[in-house]
Amino acid sequence: MSVMVARKKVVRKWEKLPGRNTFCCDGRIMMARQKGIFYLTLFLILGTCALFFAFECRYLAVQLSPAIPVFAAVLFLFAMATLLRTSFSDPGVIPRALPDEAAFIEMEIEATNGTVPQGQRPPPRIKNFQINNQIVKLKYCYTCKIFRPPRASHCSICDNCVERFDHHCPWVGNCVGKRNYRYFYLFILSLSLLTIYIFTFNIVYVALKSLKIGFLNTLKETPGTYPSMSLTVLTVLEVLICFFTLWSVVGLTGFHTFLVALNQTTNEDIKGSWTGKNRVQNPYSHGNIVKNCCEVLCGPLPPSVLDRRGILQQEESTAQEGSCPRGPGTQEPPATQGPGQAQEGHSALSPQVPAPSASDAEMPEEKQRTPGELPVPSPEAGRAEH
């Protein structure tokens with residue numbers, strides 16, 4: 001005979017989350033699906049720093065100061081730590097509405113807007129919210145079925161609504177939002193300092209070599225491990241990478257420093273939310289650069305609301321076949337039995353138990369005997385026998 005056994009399979013919530021994200025390490029790492037440019041970022045940083053530590057740092061540490069490679073290592077480690085923290089963390093994704101919540105929001109919208117005549121466009125789904133005596137509009141997201149919080153926006157690449165959405169950065173392979181913006185800013189700031197540092201000391205290295213053996217001899221010099229490649233060619237390669245990186249990274253750092261000072265996001269700056277024709281004042285700015293920087297970079301970091309590693313239990317029914325041992329005298333009961341036959345078959349297989357008497361049926365519920373329990377003689381019956 002076959003027996004249905006229900007087994008519970010543990011499923012994490014990140015496995016069922018909508019959107020276009022990639023999860024690793026059992027949901028601990030969250031990134032966008034497009035990670036090719038992120039790998040290019042790692043290659044450029046690791047490759048340039050490896051060349052600098054392998055060749056120039058050894059010479060500069062002996063000729064100038066041993067603190068040069070130490071400070072370069074500190075900048076490199078800090079830049080890598082902030083890059084990975086930005087890329088692998090939840091930027092502030094807002095969960096989508098459940099079916100019941102979405103239906104309730106639809107009912108609220110219909111009750112507010114009323115019945116729209118056929119052929120007319122329905123009014124926009126917007127709620128007005130007041131912040132610092134200024135009206136801010138909360139827009140409805142048709143994908144997530146929610147009214148987005150202030151400063152939130154829907155990322156078309158990750159297909160998620162992100163709180164305090166700044167932009168989607170392919171160089172870090174993730175969105176930049178409320179929960180990882182400070183790490184993104186620290187990453188580009190430390191990367192700018194590291195790029196300037198390597199670029200400057202590469203030029204110092206070539207200048208020191210040229211003063212000792214001449215510039216032409218410096219160009220012809222070859223390291224011992226790479227006899228077919230000039231050492232200066234590697235230095236020039238580092239200088240070119242740093243030069244082109246310098247313009248983009250340093251310029252990006254300056255732009256975000258300007259935004260941090262105003263407590264503004266890239267998305268708001270592009271849309272002209274606070275600098276348009278209406279000249280609406282930014283309700284999130286404190287009017288003080290120090291306070292704005294402290295709020296953006298040093299304020300409390302909100303926890304993730306996704307609960308990626310929460311458990312969802314799903315039951316799986318599996319059929320198992322097994323045989324029940326039977327004695328030599330037992331017979332298999334027929335497949336179909338009537339009510340009376342079923343009672344007879346049951347009595348044939350079960351031990352003989354005396355049926356309850358009429359007096360037992362009339363006894364109170366707590367004094368009735370169970371089948372198989374021996375009757376206990378009452379004191380009056382004993383006196384009657386004597």
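Biologist: Which residues form one aromatic cluster here?

Modeller: In this predicted model, Phe199, Phe243, Phe244 and Trp247 form one aromatic cluster.

Biologist: How many aromatic pairs does the count come to?

Modeller: Rings are paired by the distance between their centres, with a limit of 6.5 Å. By this rule the structure has 14 aromatic pairs. One of them joins phenylalanine 52 and phenylalanine 53, with 6.0 Å from centre to centre and 65° between the planes, an edge-to-face arrangement. Phenylalanine 52 is buried because its relative accessibility is 0%. Phenylalanine 53, at 29%, is partly exposed. Another pair, phenylalanine 199 with phenylalanine 243, is tilted: the centres are 6.5 Å apart and the planes make an angle of 35°.

Biologist: Which helices hold phenylalanine 199 and phenylalanine 243?

Modeller: Phenylalanine 199 is in helix 4 (residues 181-213) and phenylalanine 243 is in helix 6 (residues 231-262), so their pair ties together parts that are 44 residues apart in sequence. With a relative accessibility of 18%, phenylalanine 199 is buried, whereas phenylalanine 243 is partly exposed at 34%.

Biologist: Where does UniProt place the feature "transmembrane region"?

Modeller: The unreviewed UniProt entry puts this feature at residues 37-55, 67-84, 183-208 and 228-250. In the model, residues 67-84 are 100% helix and 0% strand, with 26 Å between the end C-alpha atoms. Residues 183-208 are likewise 100% helix and 0% strand, and their end C-alpha atoms lie 37 Å apart.

Biologist: On to charges. How many salt bridges does the structure hold?

Modeller: Side chains of opposite charge can pair when their charged atoms come close. The structure holds five salt bridges. One of them is between arginine 96 and aspartate 159, at 3.1 Å from N to O. Arginine 96 is partly exposed at 24% relative accessibility, while aspartate 159 is buried at 18%.

Biologist: Which residue forms a salt bridge with glutamate 106?

Modeller: The partner is arginine 125, and the closest N and O atoms are 3.0 Å apart. Glutamate 106 belongs to helix 3 and arginine 125 to the loop between helix 3 and strand 5 (126-131), so the two parts they tie together are 19 residues apart in sequence. Glutamate 106 has a relative accessibility of 23% and counts as partly exposed; arginine 125, at 21%, is also partly exposed.

Biologist: Over which ring does the charged end of arginine 125 sit?

Modeller: The charged end of arginine 125 sits over the ring of tyrosine 140, at 4.9 Å from the ring centre. In another case, the charged end of arginine 164 is over the ring of tyrosine 181, 5.4 Å from its centre.

Biologist: Are arginine 151 and glutamate 268 buried or exposed?

Modeller: Both arginine 151 and glutamate 268 are buried. Their side chains meet in a salt bridge with an N to O distance of 2.9 Å. Arginine 151 is in the loop between strand 7 (146-147) and strand 8, and glutamate 268 is in helix 7 (residues 266-271), so the pair ties together parts that are 117 residues apart in sequence.

Biologist: What is the order of the strands in the open sheet of three strands?

Modeller: The order is 5-6-7, and the pairing is antiparallel. Strand 5 and strand 7 are the edge strands, each pairing on one side only. Strand 5 and strand 6 (residues 134-141) are joined by six bridges. Across this pairing, phenylalanine 129 stands opposite valine 136 in strand 6.

Biologist: How many disulfides does the count come to?

Modeller: A disulfide needs two cysteine sulfur atoms within 2.5 Å, and by this rule the count is zero. For cysteine 24, the closest cysteine sulfur is that of cysteine 25, at 6.1 Å, which is too far for a bond. Cysteine 24 is partly exposed, with 36% relative accessibility.

Notes. Residues are numbered from 1 along each chain as its sequence is written. This is a predicted model: local features need pLDDT of at least 70, side-chain atom pairs count only at pLDDT 80 or more; totals for chains, interfaces and linings use all residues. Side-chain values use heavy atoms; hydrogens and water are left out. UniProt positions are given in the numbering used here, feature names are shortened, and annotations may be inferred rather than shown by experiment. Helices (H or I, at least four residues) and strands (E, at least two) are DSSP runs, numbered from the N terminus. Rings of Phe, Tyr and Trp (its six-membered ring) pair if their centres lie within 6.5 Å; planes under 30 degrees apart count as stacked, over 60 as edge-to-face and the rest as tilted. Buried means under 20% relative accessible area, exposed over 50%, partly exposed in between (1.4 Å probe, protein chains only). A charge sits over a ring if NZ of Lys or CZ of Arg is within 6 Å of the ring centre and within 35 degrees of the ring normal. A salt bridge is a side-chain nitrogen of Lys or Arg within 4 Å of a carboxyl oxygen of Asp or Glu. Two strands pair if DSSP finds at least two bridges between them.
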